[in-house]
Amino acid sequence: MTSGLTHLQRLEAESIHILRETVAESDRPVMLYSIGKDSAVMLHLARKAFHPSTPPFPLLHVDTTWKFQAMYEMREKMAADSGMELLVHQNPECVRLGINPFDHGSAVHTDMWKTQGLKQALDHYGFDAAFGGARRDEEKSRAKERIFSIRSPQHRWDPKQQRPELWRTYNVRRNQGESMRVFPLSNWTELDVWQYIYREQIPIVPLYLAAPRPVVERDGVLIMVDDHRMPLHGQTPELRSVRFRTLGCYPLTGAVESTATSLTGVIQEMLLATTSEREGRVIDFDGAGSMEKKKQEGYF
Amino acid sequence: MAMAQEPLMATDIEAYLRAHEHKRLLRFITCGSVDDGKSTLIGRLLYESHLVFDDHLAALEEDSRQVGTQGGDLDFALLVDGLAAEREQGITIDVAYRFFATEKKKFIVADTPGHEQYTRNMVTGASTADAAVILIDARKGVLTQTRRHSFLVSLLGIEHVVVAVNKLDLVGYSQQVFDAIEAEYRAFAGEIGLSDITCIPLSALRGINVIEASPDTPWYHGPTLLAHLEAIDVEDRPGRTPFRMPVQWVNRPDLDFRGFSGLIVGGSVRPGDSVRALPSGRTSTVSRLSTFDGDLDMAVAGQSVTVVLDDEIDVSRGDVLCSDDQPAEIADQFEAHLVWMDDHEMLPGRPYLIKLGTSLVGATFSQPKYKVNVNTMEHLAARTLELNEIGVCTVSTDRMVPFDPYVSNRDTGGFVIIDRMTNATVGAGMLHFSLRRSQNVHWQALEVDLAARNTMMGHGSGVVWFTGISGAGKSTIANRTEQLLHAHGVHTYLLDGDNVRHGLNRDLGFTELDRIENIRRVAEVARLMADAGLVVLVSFISPFRAERRLARELAGEGRFCEVHVDTSLEDAETRDRKGLYRKARRGELANFTGIDSPYEAPAAPELHIETNACTPEQAAEELLLQLRRMGMVS
């Protein structure tokens, strides 16, 4: 069906097609921007899809106030570079209660800041389509995900309401009050993402590259002491050469020891790696099937 | 890392990345039931191509010990299963997608689980596949399901078929068994139009001929499964398909730039090419192919671009840019295969939406010419299509649409069917040919009259007049009726007493004269709208027979349906949702119907609804029947 195109070219064209279809058939689309590498690729694709126009939707960061400092810096830079409007939402309830992973645990922290915060932001702005950077290869249960996922007015994901997706012909229609989560990177793998970042020279948060950073060990996971809010319980942070395979809230994101200070070095380590990407995410430790449950509750 | 001995990745990562950047992509579907070893085959491909990480592998070892079927050996099927559990939770799984890569290619595997829903699932998975791997259990040979899978593969236009004759270890690696299966399959496949067929003897469980050629089948000289998948050529040979680009989005950042964004789904295009926009038929010349990475000299099928034309011809979303000398056809009536995917059966004549390329149009389907028994390929008589049924129907669209026969181009010949009410995807279709060639049709200068408008709307028109005392339930029933009519594709408008008084009749009070003028104006507006082709629902207390007679006369006999929404004053007053009766009783509202102004009940309404005897839904259904009897709705 296709001539002379490489797999990355085909993936790129498919993602651009998805982005354009969504925009053409939505009243108020938004891109959920989490500042990680997948978001970086998704933003880059959006700029390609609508060039020479600026992508006709804002970026939304559902903030927890616990991201790495370097992530906040990257967020501001990318919003400025792309010329897109940046919306930042912090759940006011969490701000008031001072919700944090240390006192309230990762489950409460994630649910209140991210899941509830996302719903608040979508309701507040009345967005009817939200782009997310999830990929089908991230874990076994995501393999069956649709590219276009319908959510009820309460943001719930009803497994029985999901639509078959045929050809490249996407049914983007919604009923009153329903919204849609759209995943343009569905068919990308982790290697595809890295390879594309390398080919396109897409800026990424420096935390993905190894550098000496102050870390403490918690339950066998290396946690970076990114600011003074981290309770040390008598531990002394050590400088170790580490990098991060995924980025989130710094107290919930495990570092890996590494000497890969270049992008190619990181890709090389990844290719030779023997553990899967999600292992560094503390959120998954809550138990098998927890992703599925979070999704039904409205988590991305 | 069992297969991928890639020292390059360790020694020279840049060279490795350069090599991998030029990989091609192949999407394939696997067809077979759980018993055929499909999951085992996919699991092995993932495992052997280094896509199983240690933490997954540890889980696999644990699972294999606990629930595996391989006596403690690694059970590869467990890598991709887990779908059964999801099914128990009630999650609809149509297709699961898996990814793996070799040095030459990246693969996307569409895996369709389960027996029930098989047609729907497999059609979905096959719609994006370039190749199909059909599994046959060597002990069982070509079965009914093999025929079903092959028919669907052929229907969806997959060119490359690989027949994996699996479990060969269980028949002693017998060449005789393999040859017999191959001969039988080829004979059958020829009948249904499959031509590019490769048969491979293998054992997914033992890894025989999956990645590496096996000494156990010395009589087999063909490629291994993976080598064959790597070699499949899905290139669009130059000139094989003419240029097609459905327009997704008109890109207009400022007055100086106007481009048409879309994914090229056929052929190629260069600046200077003459193109035609369909359905308008206007032609222009490509001046630029604009992308973020600079202008292109040429763009080909599979690329997303923005086309800038020389002159300002009118092009919008849903149009298709085509090569000028080989344009797509345009038509509004087609023959097509439909695959039904919804629990509610297809209703011939009911308006649906179809999405073809980027255009969304209204469409109706005829009663099927026949449906196909997917196991025997027999043609059977049918009045409708139910879930998982496939049939041939006439498709009529509400406007001209550009298309190619599905066999020439999947993207401009395949469409999805959408329910107008729920917006669910209820089916898919593949266009074969137009039944009325638009090129031969010369439009007659029609006198646009009521009949012409009704023809275009697809239904009759008229006025439905709800009368009854305040609080009887007129608006509720009128609203229900409108929803129901809308669901049946009837164009409607609801004129509500309260709302009209905010606008058109803002200047009128509640004296008797004003009330008559109020009704007269509403009756006139209703008549105009009915003339324009709408079914107009009027919800007004309208207490006086004379005024209602006026409205009836304006609409014309046979086009006026009077509905008496009847409730006792006592009931209405007890409910009194708007608090009007209380006000009237206190003397704060003068001329209130039922209190100090009479209500003249209709003597012979077309429909009499007693609201304590039925629900609003029942009333709406009853009314729909009445409108059918009157011919306002078909």
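Predicted model: local features only at pLDDT ≥ 70, side-chain atom pairs only at ≥ 80, totals over all residues.

Analyst: Residues are numbered from 1 along each chain as its sequence is written, with chains lettered from A and ligands numbered from 1 in the order written.

User: OK. At what angle do α6 and α7 of chain A cross?

Analyst: Roughly 165 degrees, and the axes of α6(A) (190-200) and α7(A) (263-272) come within 10 Å. Axes are lines fitted to C-alpha atoms, for helices over the stretch in contact, with angles from 0 to 180 degrees between N-to-C directions. Helices are DSSP runs (H or I, at least four residues), strands likewise (E, at least two), numbered from the N terminus. The two helices are therefore roughly antiparallel (over 145 degrees).

User: Which residues make the contact?

Analyst: Glu190(A), Trp194(A), Ile197(A) and Tyr198(A) from α6(A), and Leu263(A), Thr264(A), Ile267(A) and Met270(A) from α7(A). Contact here means C-beta atoms, placed from the backbone, within 7 Å.

User: Switching to chain B, what's the strand order in the sheet?

Analyst: β2-β3-β1-β4-β5-β6, an open sheet of 6 strands with mixed pairing. Strands pair if DSSP finds at least two bridges between them. β2 (96-101) and β6 (196-201) of chain B are the edges, each pairing on one side only.

User: How many bridges join β1 to β3 there?

Analyst: 7, and β1(B) (24-31) and β3(B) (105-111) run parallel. Leu25(B) sits opposite Lys106(B) of β3(B).

Methods:
Parallel < 35°, antiparallel > 145°, perpendicular 65-115°, else oblique. Contact = placed C-beta atoms within 7 Å.
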